[in-house]
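Hi,

Here is the structure I promised to send over. Have a look at it first, and my notes follow below.

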Amino acid sequence: GFVGYVGVNWLHPPFNNVKCRQALLHIINQEDMLRPTFVSPKWYKTCGSYFTCGSVMENDANTGWFKSGPDLAKAKQLLQEGGYDGRPVTMLQATSIAYMSNAATVLAQQLRGAGINVDLQPMDWANVVQRRSGQMPPEQGGWNIFFTSSGGLANSNPYMIGGMATIGIKGWFGWPADEKNEQLRAQWLAAETVEQRRAIATQIQDNAWNIVPHLYFGQWQQPTAHRKNVTGWLHVPELIPFWNVQKT
C-alpha cells in the first residue's frame, strides 16, 4: 500500500527544537486523519512503525507514544520545554489531492488542541512542491509542515526513499540532520543477512522516534477496478503494470 508522510522543517522554530518535534508524536491521531478520505478500515490502518507495517523491517521499538494514543498534556509539556512561544506554524495544504487536504485539516485542528497557533495555507499541489523546496523562514514564504505519501515498499527500506536520510541541508525537504541515523543506515546497508538488517532497523527506529525526522499518518491500500474479461494482472507494489494482460 501507501504511507502518509508528514514533513517537518528542522531549520526554523518551533520544530528546530527536538522537544517540539517530540510533542507532535503525542498530538497526531492517525485514525482521525485517515478516516475522512478512506472511510472504511478495509482500506486503511494506523501504524507506529518507522518502517511500513507489514514489511520485513516493521518493529515496535520506541512506540509507546503510538500505543498509548494522543496525550495533549504531555504534548503541551514538551512544547513548553521546547520553548514554543505561540508563533504561527505554517502548514501547507494541497487542496487538489483529497488525502493531503483532509489530513491537513484534521492535523491542524489536533495541533490547535495542544495550543499550537496553526496557519493553514491552502494551495494546489504544484504550489506545495514549489514552496517546500524553500529554506527561508515561514514568515518569509517558507513552511513548517507539509504532507505527501510514499509507496509502502520504498518506505520499508532506509535507502529506497530520500526522506529516510538525515544529512541536513543537502537532504530531502525538512532537512533533518543526525549522525547516529546515518551511521545506522550505513550498517544496515552493509549487513549480510535479513536478521542483521532487522536488528539494525530496530535501532534506527528507536533513534528516529527520539529525534523525529518526520511523522506518518497511517497506511492505505489503493483499490482498482477492471472488467471481468480482462485477466493476467500482475501484483506489483506501488503501480499497476499493463503488460501480461489479456482480453477474453
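Is the crossing of H7 and H8 left-handed or right-handed? The crossing is left-handed, meaning that the near helix is turned anticlockwise from the far one by less than a right angle (clockwise would be right-handed).

Before the rest, some housekeeping. This is a predicted model, where local features need pLDDT of at least 70 and side-chain atom pairs count only at pLDDT 80 or more, while totals for chains, interfaces and linings use all residues. Residues are numbered from 1 along each chain as its sequence is written, and side-chain values use heavy atoms, with hydrogens and water left out. Helices (H or I, at least four residues) and strands (E, at least two) are DSSP runs, numbered from the N terminus.

Helix pairs

Back to H7 (residues 179–190) and H8 (residues 194–211): their axes come within 9 Å and cross at roughly 165 degrees. That makes H7 roughly antiparallel to H8. (Axes are lines fitted to C-alpha atoms, for helices over the stretch in contact, and angles run from 0 to 180 degrees between N-to-C directions; under 35 degrees counts as roughly parallel, over 145 as roughly antiparallel, 65 to 115 as roughly perpendicular and the rest as oblique.) On the H7 side, Lys180, Asn181, Leu184, Arg185, Gln187, Trp188 and Leu189 meet Arg197, Ile200, Ala201, Gln203, Ile204 and Asn207 of H8, where contact means heavy atoms within 4.5 Å. Sorted by class, the contact of H7 with H8 has 6 nonpolar, 4 polar and 3 charged residues. (Ala, Val, Leu, Ile, Met, Phe, Trp, Tyr, Cys and Pro count as nonpolar, Asp, Glu, Lys and Arg as charged, and the others, Gly among them, as polar.)

H8 also packs with H1 (residues 18–25), at an angle of about 105 degrees and with the axes 7 Å apart. H1 and H8 are therefore roughly perpendicular to each other. Val18, Arg21, Gln22 and Leu25 of H1 meet Trp209, Asn210 and Ile211 of H8, which divide into 4 nonpolar, 2 polar and 1 charged.

Then there is H2 (residues 30–38) with H5 (residues 98–113), packed at about 145 degrees with axes 8 Å apart. The crossing of H2 and H5 is right-handed.

Cysteines

You'll find 1 disulfide in the whole structure, a disulfide being a pair of cysteine sulfur atoms within 2.5 Å. Cys47 and Cys53 form it, with their sulfur atoms 1.9 Å apart. The S-S torsion is about 85 degrees, so this disulfide is right-handed. Both Cys47 and Cys53 are buried (under 20% relative accessible area, with exposed over 50% and partly exposed in between; 1.4 Å probe, protein chains only). Cys20 counts as buried too, at 1% relative accessibility.

Asn155

Asn155 sits in the loop between strand S5 (145–151) and H7, and at 2% relative accessibility it counts as buried. Leaving out residues up to four places away in sequence, Asn155 touches Val3, Tyr50, Phe51, Thr52, Ser150, Ile161, Met164 and Tyr216.

Most residues other than glycine have a negative phi, and most peptide bonds are trans. Pro13 and Pro14 are joined by a cis peptide bond, with omega about 0 degrees. Val39, in the loop between H2 and strand S2 (44–45), has a positive phi near 65 degrees and is exposed at 59% relative accessible area. Asn62 has a positive phi of about 55 degrees and is partly exposed, at 26%.

Cheers
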